[in-house]
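Please read it alongside the sequence and the coordinates shown here.

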Amino acid sequence: MNVRRLDRITDLAIKAFMLAFRAVIILVVVVGSTLTLLGGTYTVEDWFEFIGNGLTLGSIYAMIALGYTMVYGILRMINFAHGEIFMGGAFAGYFTAVALAQTGALTDSVASSLLSVAIMILVAMAVSVGIAMTVERVAYRPLRNAPRLVPLISAIGASLFLQYTARGFFGSGVYGYPNMPFLGATAPIPLLNMRWVDVLVVVASFSMMGGLYLFIMRSKVGTAIRAVSEDKGTAALMGIDANRAIVLTFVIGAALAGAAGVLYGLSFRQVAFSMGIVPGIKAFTAAVLGGIGSVPGALVGGLFLGLIEAVGPSLFLTGFGVPSVTQLRDVVAFTMLVLVLVFRPSGIMGEIGARSRA
């Protein structure tokens, strides 16, 4: 009886804590937002600029998150080396950009600049796909039937291996992407104050993810991937090659990560051997927010996280007089992650996206 009573008290205490946590976070958000808006610290143009920055950042997170969500959807494991695959694409794009800059292709004309960006993205995709296929073949395939903890440890090992291999080849310094004046110019979009590179990131991201969704939902190969995701054994009995579907999933996720690496480099103008860590964690967070295993969820989660990072600190905390609110954007982002998962453990689109799982 004492044990049961203690269990009840413990359950009630946990429920009370979670209720209080929700109430405090909601109160901080509501009161902080009200004080900030009434204080008039930021103009309407400032808020639209925050939104534009959030769309750019969220689009990059969403592209990386698709790699996490697709691999999880088909193998039920987290590919923690995915951030380094993104980093490999960024470096491939950088060296391609340097080669193109020597020919003058980056600055000759708008058409030449866009063609150069397309070449950089294609090269980055190819390099990222090569890295991903190697990692899948060496680090994951031999452990496919092992307990789930084993491939997880292998993924962490692959991540560290790729990261410090890049450090050995490229050093610990930061490389700056060559300047492309056209992409740095302000686009004629009312209020948002976005550069052309930001427009390129958002348009490329939505186009690639829209194409991927149609491929997964409408093509025979996409149907095979979804069948393997649902039940590998049954899919094999129906004549579907599970290994081929799994490799193709890694290829698609890596290609998008490589493209995201180039777009990240063009937007933030810096690449380094350790650059995959933070965007990788953020993208994984976006995948969980949207409902991991859901392709639309990765897009929604990435945009949600990007907008919260860009808008949230200024909106929620400025009204309380908190100094350097932008330094707390990670705190705000992960607090919102916890809050969303408390109310919806399956993610924003967890239930809806279950039908379109990769």
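Six salt bridges are found in a search of the whole structure, a salt bridge being a side-chain nitrogen of Lys or Arg within 4 Å of a carboxyl oxygen of Asp or Glu. The model is a predicted one, in which local features need pLDDT of at least 70 and side-chain atom pairs count only at pLDDT 80 or more, while totals for chains, interfaces and linings use all residues. Residues are numbered from 1 along each chain as its sequence is written, and side-chain values use heavy atoms, with hydrogens and water left out.

**Salt bridges**

- Lys282 pairs with Glu309 in a salt bridge whose closest N and O atoms are 2.9 Å apart. This pair links distant parts of the chain, 27 residues apart, with Lys282 in helix H11 (residues 277-290) and Glu309 in helix H12 (residues 295-317). Helices (H or I, at least four residues) and strands (E, at least two) are DSSP runs, numbered from the N terminus.
- Both Lys282 and Glu309 are buried, where buried means under 20% relative accessible area, exposed over 50%, and partly exposed in between (1.4 Å probe, protein chains only).
- Lys282 also meets Asp330 in a salt bridge, at 2.8 Å from N to O. Asp330 belongs to helix H13 (residues 329-343) and Lys282 to helix H11, so this pair ties together parts that are 48 residues apart in sequence.
- Asp330 counts as partly exposed because its relative accessibility is 34%, whereas Lys282 is buried, with a relative accessible area of 3%.
- A network of salt bridges links Lys282, Glu309, Arg329 and Asp330.
- Elsewhere, Glu136 forms a salt bridge with Arg144, and the closest N and O atoms are 2.5 Å apart. Glu136 counts as buried at 2% relative accessibility, while Arg144 counts as partly exposed at 23%.

**Model confidence**

- The chain has a mean pLDDT of 85, and 97% of its residues reach 70 or more; pLDDT is the predictor's confidence in each residue, from 0 to 100.

**The site of Ser267**

- Ser267 lies in helix H10 (residues 242-268) and counts as buried because its relative accessibility is 7%.
- Leaving aside residues up to four places away in sequence, Ser267 touches Thr56, Arg195, Val197 and Asp198.

- One cavity of 30 Å³ or more is counted. On a 1 Å grid over the protein atoms alone, a cavity is a set of points where a 1.4 Å probe fits but cannot get out, and lining residues have an atom within 4 Å of a point.
- The largest cavity has a volume of about 30 Å³, a volume being the space filled by probe spheres set on the grid points, which are joined across faces, edges and corners.
- Its lining consists of Gly67, Val71, Asn79, His82, Ile85, Ala132, Phe250, Gly253 and Ala254.
- Helices H2 (44-75), H3 and H10 each supply at least two residues of this lining, and the largest share, three residues, comes from H10.
- The lining of the largest cavity divides into five nonpolar, four polar and no charged residues. Ala, Val, Leu, Ile, Met, Phe, Trp, Tyr, Cys and Pro count as nonpolar, Asp, Glu, Lys and Arg as charged, and the others, Gly among them, as polar.

Methods:
Contact = heavy atoms within 4.5 Å. 1 Å grid on protein atoms, 1.4 Å probe; cavity = no way out; pocket = protein on both sides within 12 Å on 5 of 7 lines; lining within 4 Å.
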